[in-house]
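Here are my notes on this model, point by point. Please read them alongside the structure.

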Amino acid sequence: MIRVVATTPFEGQKPGTSGLRKKVTVFQQPHYIENFVQGLFDSLDAFEGETLIVGGDGRYYNREAIQIVIKMAAAAGFGRVLVGKGGILSTPAASCVIRKHEAFGGIILSASHNPGGEHGDFGIKYNIGNGGPAPEHVTDAIFERTKTIREYRIMEADDVDLDALGITRVGDMVVDVIDPVEDYAELMGELFDFDAIRDLFASGFTMRFDAMSAVTGPYAGAILEETLGARPGTVMHGEPLPDFGGHHPDPNLVHAKELNDLLMSEDGPDLGAASDGDGDRNMIIGRGRFVTPSDSLAIIAANAHLAPGYKEGIAGIARSMPTSGAADRVAEKLGVKCYETPTGWKFFGNLLDAGLATVCGEESFGTGSNHVREKDGLWAVLMWLNILAVRRQSVAEIVAEHWEAYGRNYYTRHDYEEVDSAAADALMADLRARLDNLPGTVINGLTVERADDFAYHDPIDGSVTTKQGVRVFFTDGSRLVYRLSGTGTAGATLRIYLERFEPDPARHDLDTQDALAALVQIARDVADIEGRTGRSTPTVIT
Ligand code: VG1
Ligand code: CO
């Protein structure tokens, strides 16, 4: 029986860069998640009898949220729900399952790299039938609907046993509990030369993969250890925990320090990799050599043809605006286009669907391709393994050769987390007001060439997205970008992205922070960060 429940709107149910993210305690308020899900269903058309994919990253409140989503999907008239066993589906696996089973869409319960647990964060996002994040016109419509919602509909039914594979029913709707790894692992086997990677491991190649107690543990265990023959213990922190063991499941040098320390020791493994809460991010480290995500995108683009799934070459590259220009140089050499999009994977979907881009990436440890419509952590790791298996060089050698051929884009991001929202907004507003005055000014030895606020004109659907980050370009080719995060749940996070191109191979071995020191100072001065936020140093440097 369907129960119609009276409700009143909650403020602020606006999806950000990647879905709605709030503290767990916010989601636990009666009717909170129900309102959002009803707002979502009310914004969609013609899904009667269709299939919905449901799964999450296993964080605290995952199972409770999934039961609600399933009962509301039944009340809304979906014909079938496929849900990952244990409520588990990584973000890229959800994208894969949506596409493979030609689902209407999918609901992913995750706050990605944000901390979990009772006092941590929770999140929900909707993906459309191409497997990708809902575009802005959809998320805007959901938000509008949540402002006026008066009731929601939910099926009165027992909870689904998420731990038993197979088919049950909720009302008239079929619920199929599926293996969360199977479809995804099969797709990876089609894209990459598993035999070559198996030979690589058999030759004594060693690796550590840090799943950060998040969703990729089961995927990495099955693919790296069981299928490809990596020695047992290759996967560390492989069991998904509701609180991620109390850590930030964010694969960067700060939060994956244990892995980085291993790789920086002389007898460390050949390759280190890590993924985030929901499995869409990746970090790549060779022995003694961290690979920046921007470089990783460029190197993957330059070498993708070595993997069977990309042997015909790539049609184009897409990168988010703050990502370094390293990929642009590869695109130029390959004679393909490099598209520049706003931050967030939802902007890549149209380019991938239209066949204009094959590989995509973001500086925030996100890389992926047209195989799904999300960034994909394990995919990037397998791509690196495939490249290493063919080239039989070390990661450090591959990176050095790449810089020699293309030049090096020194790159870093400085984050100021949990700053006062009003101060952060004022800082950005002030920068925007000064855009016309900046060109021509000389700061700390560098001359500003131009400055703007990035706007994106989607070449496929013609939509325009404005205010995507303030960019300051200097005459020597250096660039600064300022933007506010759209994924945080407390205060504001100011992100500053710094980049300088160095063509001279004799200067490719500088420490990144040293190489960018002058630019760092300029970035702080131009925006008067300390004066406005009270912070003299960033919280996180990646
Ligand atoms: C951050 C990253 C962005 C990424 C987004 C979602 O967004 O900068 O590149 O797409 O997180 O990734 P923001 O608005 O906080 O800068 V995930 O792995 O958190 O879904
Ligand atoms: Co993520």
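**Notes on packing, backbone and ligand shell**

1. The buried residues of α11 pack against α10 (293–303), β15 (316–320), β16 (337–341), β17, α14 (395–406) and β19 (408–419). Contact here means that C-beta atoms, placed from the backbone, lie within 7 Å. Helices (H or I, at least four residues) and strands (E, at least two) are DSSP runs, numbered from the N terminus.

2. Some conventions. This is a predicted model, in which local features need pLDDT of at least 70 and side-chain atom pairs count only at pLDDT 80 or more, while totals for chains, interfaces and linings use all residues. Residues are numbered from 1 along each chain as its sequence is written, and chains are lettered from A and ligands numbered from 1 in the order in which they are written.

3. Helix α11 spans residues 326–334. Its buried residues are A326, A327, D328, R329, V330 and A331. Buried means 20 or more other C-beta atoms within 10 Å of a residue's own, exposed means 12 or fewer, and partly exposed lies in between; C-beta atoms are placed from the backbone. Just after α11, G335 takes a positive phi of about 75°.

4. Now the pairing of α10 with α11. The two pack at an angle of about 15°, with their axes 8 Å apart. Axes are lines fitted to C-alpha atoms, for helices over the stretch in contact, and angles run from 0 to 180 degrees between N-to-C directions. α10 and α11 are therefore roughly parallel to each other (under 35 degrees; over 145 is roughly antiparallel, 65 to 115 roughly perpendicular, and the rest oblique). From α10, the contact uses S294, D295, L297, A298, A301 and A302; from α11, it uses A326, A327, R329 and V330. By class, that contact has 7 nonpolar, 1 polar and 2 charged residues. Ala, Val, Leu, Ile, Met, Phe, Trp, Tyr, Cys and Pro count as nonpolar, Asp, Glu, Lys and Arg as charged, and the others, Gly among them, as polar.

5. Helix α7 (residues 194–202) and helix α13 (residues 377–391) pack at about 70°, with axes 9 Å apart. They are therefore roughly perpendicular to each other. A196, I197, D199 and L200 in α7 meet L385, N386, L388, A389 and V390 in α13. This contact divides into 7 nonpolar, 1 polar and 1 charged residue.

6. Look at G361 in strand β17 (residues 359–362). G361 is buried, because 30 other C-beta atoms lie within 10 Å. Leaving out residues up to four places away in sequence, G361 touches P293, L297, R319, T323, A327, G366 and T367. G361 and E258 are 103 residues apart in sequence and 25 Å apart in space, C-alpha to C-alpha.

7. Two backbone angles deserve a check. Most residues other than glycine have a negative phi. M212 has a positive phi of about 55° although it is not a glycine. M212 sits in the loop between β10 (207–210) and α8 (216–227), and is buried, with 32 other C-beta atoms within 10 Å. K467, also not a glycine, has a positive phi near 55°. K467 lies in the loop between β23 (464–465) and β24 (470–474). K467 is partly exposed, with 13 other C-beta atoms within 10 Å.

8. Which residues come nearest to ligand 1? Of the 18 around ligand 1, they are T17, S112, S364, S485 and T487. A residue counts as near if its C-beta atom, placed from the backbone, lies within 6 Å. The shell around ligand 1 has 1 nonpolar, 12 polar and 5 charged residues.

Note on methods: Two residues are in contact if their C-beta atoms, placed from the backbone, lie within 7 Å.
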